[in-house]
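Me: I have a model open and want to go through a few parts of it. Can you take my questions as they come?

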Amino acid sequence: MQIIYEVEITLIEYYRKGTENCYPVIEVCPSCFSRQPLLRHGFYWRYALLLKRSYLLPILRLKCPCCEQTFSLLPDFLLPFYQTPVKLILEYLKRYWHDRRTAVYYQRLQFYRRRFLKNLNLMEAFFRKLGHRDIIPRMLKGKAIKLLDMVNAFPKAETFARRYHDHFQQSFMAI
Ligand SMILES: [Zn+2]
């Protein structure tokens with residue numbers, strides 16, 4: 001299970017600090033809700049891709065002392081199962097739909113586009129839950145562009161992604 005937490009630093013700063021990063025203490029187990037802080041349970045390493053360079057980042061693992069479920073603590077600039085940071089993925093989609101310019105390889109862009117389209121209905125539900133009353137077009141492309149604009153209206157892409165994940169327990173780019 002993944003827990004996404006808010007980080008104030010950039011991906012590169014996180015990379016530089018390595019395992020010396022500050023990690024929040026999770027006081028309540030998200031699985032069994034016991035009120036014993038989750039224990040540190042080592043790290044695993046995963047790549048993050050920023051433009052032309054990849055960075056190997058440590059991800060802290062946690063374990064519940066009661067139910068023994070393990071969790072990984074993912075900084076909010078990343079999405080589960082994606083190497084490209086959330087901000088960059090949204091930037092690529094925005095350029096694709098608004099400017100018709102492609103900043104990444106066509107295949108990768110199509111992959112992002114398909115995943116984004118797959119999650120439109122849940123995204124709409126998420127915004128309705130937040131109280132948004134905007135008219136959202138029914139046609140696929142119009143709907144995608146409108147929802148992308150709503151996502152981009154968040155002060156930070158990371159905040160949207162984190163809150164969405166907290167709500168649905170999956171990312172807005174999930175399969
Ligand atoms: Zn537990």
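Me: What kind of model is it, and how are residues numbered?

Reply: It is a predicted model, in which local features need pLDDT of at least 70, side-chain atom pairs count only at pLDDT 80 or more, and totals for chains, interfaces and linings use all residues. Residues are numbered from 1 along each chain as its sequence is written.

Me: How is the protein divided?

Reply: Into domain 1 (2–75) and domain 2 (86–168), with bounds from an automatic or database domain assignment. Taken over C-alpha atoms, the centres of the two domains are 25 Å apart.

Me: Let's look at helix 2. Why does its length agree with what a helix should span?

Reply: Helix 2 covers residues 86–99, and its 14 residues should span 20 Å at 1.5 Å a residue, which agrees with the 19 Å between its end C-alpha atoms. The expected span is 1.5 Å times one less than the number of residues. Helices (H or I, at least four residues) and strands (E, at least two) are DSSP runs, numbered from the N terminus.

Me: Which residues of helix 2 are buried?

Reply: Val86, Leu88, Ile89, Leu90, Tyr92, Leu93 and Tyr96. Buried here is 20 or more other C-beta atoms within 10 Å of the residue's own, exposed is 12 or fewer, and partly exposed is in between, with C-beta atoms placed from the backbone.

Me: And what do they pack against?

Reply: Helix 3 (106–118), helix 5 (140–152) and helix 6 (157–168). A contact is two C-beta atoms, placed from the backbone, within 7 Å.

Me: How do helix 2 and helix 6 cross?

Reply: Their axes come within 8 Å and cross at roughly 105°. Helix 2 and helix 6 are therefore roughly perpendicular. Axes are lines fitted to C-alpha atoms, for helices over the stretch in contact, and angles run from 0 to 180 degrees between N-to-C directions. Angles under 35 degrees count as roughly parallel, over 145 as roughly antiparallel, 65 to 115 as roughly perpendicular and the rest as oblique.

Me: Which residues make that contact of helix 2 and helix 6?

Reply: Val86, Lys87 and Leu90 from helix 2, with Ala157, Glu158 and Ala161 from helix 6. By class, the contact of helix 2 with helix 6 has four nonpolar, no polar and two charged residues. Ala, Val, Leu, Ile, Met, Phe, Trp, Tyr, Cys and Pro count as nonpolar, Asp, Glu, Lys and Arg as charged, and the others, Gly among them, as polar.

Me: What about helix 2 and helix 3?

Reply: They pack at about 95°, with axes 10 Å apart. That makes helix 2 roughly perpendicular to helix 3. Ile89, Tyr92, Leu93 and Tyr96 in helix 2 meet Leu109, Tyr112, Arg113 and Phe116 in helix 3. The contact of helix 2 with helix 3 has seven nonpolar, no polar and one charged residue.

Me: Back to single residues. Where is Glu91 found?

Reply: In helix 2. Glu91 counts as partly exposed because it has 16 C-beta neighbours inside 10 Å.

Me: Glu68 next: what is its phi, and where is its place?

Reply: Glu68 has a positive phi of about 65°, although it is not a glycine. Its place is in the loop between strand 3 (53–63) and strand 4 (70–75). Glu68 is exposed, with 11 other C-beta atoms within 10 Å.
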